[in-house]
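Open the model in your viewer and keep the selection tool at hand. The tour goes stop by stop, chain by chain.

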Amino acid sequence: MAVTKEFLKSEREQSWRVDIRKLLKNKERTALTRVHMGEVAPAVRVKSNIEVNSGLTQDEAVNESRRCLDCPDPTCITGCPVEINIPKFIKRIEQGDFLKAAQVLKETSALPAVCGRVCPQEKQCEAKCFYQLKMKKEPVAIGHLERFAADYERESGQISVPGIADSNGIKVAVIGSGPAGLTFAGDMAKLGYDVTVFEALHEIGGVLKYGIPEFRLPNNIVDVEINNLREMGVKFENNFIVGRTASFADLKEEGFEAFFTGSGAGLPRFMNIPGENYIGVLSSNEYLTRVNLMDAANPTTDTPVVSGKNVAVIGGGNTAMDSVRTAKRLGADRAMIIYRRSMEEMPARVEEVKHAQEEGIEFLNLCNPVEYFADETGRVNKVRVQKMELGAPDDSGRRRPVPMEGSEYDIEVDTVVVSVGVSPNPLIPSALPQLKTTRWGTIVVDEEKLQTSMPEMFAGGDIVRGGATVILAMGDGRNAAAAMHTYLQEKLNS
Amino acid sequence: MQKLETTYLGLPIKNPIVVGSSGLTTTIGGIKKLANAGAAAIVLKSVFEEEIKAEANQTIGQQLGVDENNLEFFDYYDYQVKNDVLDNYVALIREAKENVDIPIIASINCSSYSEWVAFANKIEDAGADGIELNIFKLPFDAKTEADVIEKVYFDIVRKVKERLRIPVAIKLAPYFTNLGNVINRLSHSGADGLVLFNRFTSIDYDIENDQVVTGKVYSGADDYVNTLRWISVTSTDAGCDLIASTGVHDYRTLVKMILAGASSVQIVSAIYKEGPELITAMLNELKAWMERRNVHSISEFKGRLSQGRSANPEVFERVQFMRYFSGYKG
Amino acid sequence: MNKIVDKEYFSENVIRLEIEAPRIAKARRAGHFVIVKIGEKGERIPLTIASANPEKGTITLVIQRVGVSSRRITELNIGDEITDLVGPLGEATHIEKVGTVLACGGGVGVAPLLPIVEALKKAGNRVVTIIAARTKDLIILEDQIARYSDEVIVMTDDGSYGKKGLVTDGMKEVMEREKVDQSVVIGPAIMMKFAALTTKEYNVPTVASLNTIMVDGTGMCGACRITVGGKTKFVCVDGPEFDAHQVDFDEMLLRLNGYKEIEKKAEQEYLQSKEKK
């Protein structure tokens, strides 16, 4: 679905856009400074799950949109994994037509309210903004504007439901209701297919619900998107594990012609160091699932979570940030990140790290656990860590951490959250042994068509990429829908 | 009847020939052949921390996506590789123990011990009879003082011995400022055996193509002399078994090492060249020598020609070629 | 959806529920379990499927009241719905003809043992079954088990029914008098630990069906992790059955205590709130 230069040019030449560009001179635009989105004060926000970012006001959004120069060669789009027509939606905001801005977003991104909140814009669109590339100034706040437009549409109640083609009666099954599956389902529904999404858990939304905490991505926002899909005719079946509750053969007998697997990377990884099985050492999946999915911190729910006063989270990615900030909100006196490399090398989104620092999270960098100790009941009470120093760069371009022999010391902890990565969920590959997978459990697909070694099965998202981003999962859902459409049309017309 | 029994890291073994860590000891088939040929103990091929990091590194290099979008997925990938490697290694130990009845010694090659703590216990639980640690940091870092480097070895021995019941050997390289002193102190530090010496891959130059190439892979029959000197100099006062390694190619070197004070030898290159049958041949020739020389057990001649028992101890310390050798007639 | 169609009290605290679940009933094999959740705020808990009726489209669960969640489920009545029910989960029991099998069920572990005993008998084995509990009231399914066993030995700790003694006493007696080719043990973790140690002395290969804490039950969180033969395994996807001689029961017992105090307190509060009504 490559966005061509000609297409972009013709869009840019439309009169409304020409008029908007004329409103201000480029010099005036570049003189404006980047908006700073309101955030709830750290001392306040650590006491609840309130969303940290407050969003932009209409004035702030319009002002920020003025900074965008509507470049003839919009390099920002090259940074977007799904090639959203960024200048177009920003200029709609400048025009004051926020609903149209949201529609532009929805032409390419199925869940713009989600992306606006969780995309690592600093590595993607904003990194390629003209301001960043050529002027070394702060880029246009593309992420904030995307969130603004999506939120405006949702709050206005005038949510655009895209046009749906006539029903063609062809049944397709989606496995997994995370970002890849939801996007795929929406696109196929638009094309007139009879889509059913099968979800193993009792809640729809996958990692958007169980993984990303309320203070980053409120669950009710995800629910609005899911309801949209219901309006479009997408059916959801929860508590259904494809391959176990019903086999693929069963589903084919029931008339499903093709399948999209978006079952994600929900298999926890541990370091396998001594003491890792003591009570109080959990995977980040378990910790976040208890809190986000089962609402365990709420005393009126049945699922418990024990989150102590001295919580150590091992890792440096977004999941680690989510875990440690959750621990803070659950009452930790010390909520620590233990990461073996330096701050700059942490994979987490820059904004998450900044928010975490503001919230009083302690960062123990160049530090790595080697062993856990417990009290007489088997509950963890200490972690032994070793200091690291940075050696020569490895193939990720980062300097590798080298253990400093003899530098071990102990830290008191009562809860440890191991957040060192996840692996692809094995349920589908184990139900289909003939499905080609890689050595780390991801499903092998044709790069363009996202078709697996079983022609009627397509796949996308983390189950293909390992653990990657929400936006990429959505892009996969989009591409797979287009490819499956072609495949089904050919298959049923031959 | 000649008795060939001796000890390895304090464990009783039936003869002094142990097969060292190498490609020979990486499969059950290979291990069985060596045991059948008479090997008294096997040191399994080393788990190399370096290889694990290299494999993890290579994967990250190949798999890192655009904008590092999957960096979080691969950030601790080396732990995954390590755990896979270790699972396979533990399986190898278990299988080896089921298939042969001679001691199986595990071997780890690492630069920092702390990351291997968990593994040491798994090795023990899997049934390994001992563990050999290859801890080597070539002193490329001109800034680190000699005593700091030395301290690492002692720390590691202490930490490992705290956790394990099975005996621990350290395989040393001969690159210490005061080698004799280090060997002596390490042998009293709690280690159950010292393997002298580790043999490194070397570099060489291809002068026709201006290329750096790997030096010769196997030891030659004359490469034993450095080991011989140092064993003979340290064996009398050593606090644990000394094991000779490098250049043991026939029964003569085997006998020489025992005369110097080694309790056993490790053989690798010679077996590569001549096959496991070499072990059988060497044991027969050893017995024949013992019969010729009228010795009935290993302990009878062990250390007989060591410096500690020599009437002319200074001979061992002579390092320069002097007048005696120049043919000069004054 | 997931309506309760039948309910029976085996004793005051052990209840049988038959639930509408046509897909699960069709896919279920002996050894499989389900995850159940009652109400919006309920907990997800694992329960072994005691039996299934594919023609009727129902599954049967036998539940012992041990805490808040099991009480919530057993307080439902015929016609009520289970809010969330997902399965079948876990790996099915491996059944083959080996000769003589010693099947041992402790307490409510007899319920998941029943389908395994049935399958083993149908595969042509001689089946000697020991069912054990602290006291007579906790002995369940004796008649049903007897239907598929060549011999049934009942043991109670206090001697109030059957023979007086522990399940391990009964096991030793059997293994002393005849050759046993395989053993299956299901019950409280501590019972399985000692049962495994007992069969080890007689070199009898033994399978245990483990019951750990679970949250999702689909392999996602690692709460159910145990160590088997030195390796980490997840009870929900690699189990629930494992080679009992390789399981680190001490670690499993340790981890089972993780929420003991919280659970006790929650149960007290729950019972108090019921009394107020």
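## Stop 1: an asparagine in chain B

Select B:Asn134 and show what surrounds this residue: leaving aside neighbours within four places in sequence, B:Asn134 is in contact with B:Ser46, B:Ser107, B:Ile108, B:Asn109, B:Cys110, B:Lys171 and B:Asn198. Keep in mind that this is a predicted model. B:Asn134 belongs to strand β7 (residues 130-135) of chain B. Its relative accessibility is 5%, so B:Asn134 counts as buried. Now pick out B:Asn198 from the contacts. The side chains of B:Asn134 and B:Asn198 are joined by a polar contact of 2.5 Å.

## Stop 2: an enclosed helix in chain B

Stay in chain B and select helix α9, residues 251-260. How many of its ten residues are buried? Eight are, so the rest of the structure largely encloses this helix. Colour the buried residues of α9(B): B:Tyr251, B:Thr253, B:Leu254, B:Val255, B:Met257, B:Ile258, B:Leu259 and B:Ala260.

Next, bring up the cover. Strands β3 (17-19), β12 (241-245) and β13 (264-267) of chain B are among the elements that cover these buried residues. So are helices α8 (225-234), α11 (277-292) and α12 (298-301) of chain B. Step off the end of the helix. B:Gly261 follows α9(B) and has a positive phi, near 125°.

## Stop 3: two helices in chain A

Move to chain A. Select helix α12 (residues 179-190) and helix α21 (residues 470-493). Two packed helices are described by the angle between their axes and the distance between the axes. Here the axes come within 7 Å and cross at roughly 35°. The crossing of α12(A) and α21(A) is right-handed.

Show the side chains at the contact. From α12(A), select A:Pro179, A:Ala180, A:Thr183, A:Phe184, A:Asp187, A:Met188 and A:Lys190. From α21(A), the residues they meet include A:Val470, A:Ala473, A:Met474, A:Gly477 and A:Arg478. Further residues of α21(A) in this contact include A:Ala480, A:Ala481, A:Met484, A:His485 and A:Leu488. By class, the contact of α12(A) with α21(A) has eleven nonpolar, three polar and three charged residues.

## Stop 4: a threonine of chain C that reaches chain A

Select C:Thr227, in strand β13 (residues 225-228) of chain C. Is C:Thr227 buried or exposed? C:Thr227 counts as buried, at 14% relative accessibility. One runs from C:Thr227 to the side chain of C:Glu251, at 2.7 Å. Another runs from C:Thr227 to the side chain of A:Asn277, at 3.4 Å. Not counting residues up to four places away in sequence, C:Thr227 touches A:Asn277, C:Gln246, C:Val247, C:Asp248 and C:Glu251.

## Stop 5: the six-stranded sheet of chain C

Switch to a cartoon of chain C. Find the open sheet of six strands, ordered β1-β2-β5-β4-β3-β6, with antiparallel pairing. Its edge strands are β1 and β6, each pairing on one side only. From one strand to the next, the twist averages 30°.

Six bridges join β1(C) to β2 (residues 14-20), and the two run antiparallel. A hairpin of two residues connects β1(C) to β2(C). Look for C:Lys7, which stands opposite C:Leu17 in β2(C). Then cross to β5 (residues 58-64) of chain C, joined to β2(C) by seven bridges, again antiparallel. On this side, C:Ile19 stands opposite C:Ile59 in β5(C).

## Stop 6: backbone exceptions in chain C

Most residues other than glycine have a negative phi, and most peptide bonds are trans. Where does chain C depart from this?

- Select C:Gly87 and C:Pro88: a cis peptide bond joins them, with omega about -5°. C:Pro88 is in strand β6 (residues 84-89) of chain C.
- Select C:Gly239 and C:Pro240: the bond between them is cis, with omega near 10°. C:Pro240 sits in the loop between α7 (235-238) and β15 (241-243) of chain C.
- Select C:Leu141: phi is positive, near 60°. C:Leu141 lies in the loop between β8 (126-133) and α4 (142-147) of chain C. C:Leu141 is buried, with a relative accessible area of 10%.
- Select C:Asn203: phi is positive, near 60°. C:Asn203 lies in the loop between α6 (189-201) and β12 (206-209) of chain C. At 69% relative accessibility, C:Asn203 counts as exposed.

Terms used
Residues are numbered from 1 along each chain as its sequence is written. Chains are lettered from A and ligands numbered from 1 in the order in which they are written. This is a predicted model: local features need pLDDT of at least 70, side-chain atom pairs count only at pLDDT 80 or more; totals for chains, interfaces and linings use all residues. Side-chain values use heavy atoms; hydrogens and water are left out. Buried means under 20% relative accessible area, exposed over 50%, partly exposed in between (1.4 Å probe, protein chains only). Helices (H or I, at least four residues) and strands (E, at least two) are DSSP runs, numbered from the N terminus. Contact means heavy atoms within 4.5 Å. A polar contact is a pair of N or O atoms within 3.5 Å; within protein, one must be able to donate a hydrogen and the other to accept it, and residues adjacent in sequence count only if both atoms are side-chain atoms. Axes are lines fitted to C-alpha atoms, for helices over the stretch in contact, and angles run from 0 to 180 degrees between N-to-C directions. A crossing is left-handed if the near helix is turned anticlockwise from the far one by less than a right angle, and right-handed if clockwise. Ala, Val, Leu, Ile, Met, Phe, Trp, Tyr, Cys and Pro count as nonpolar, Asp, Glu, Lys and Arg as charged, and the others, Gly among them, as polar. Two strands pair if DSSP finds at least two bridges between them.
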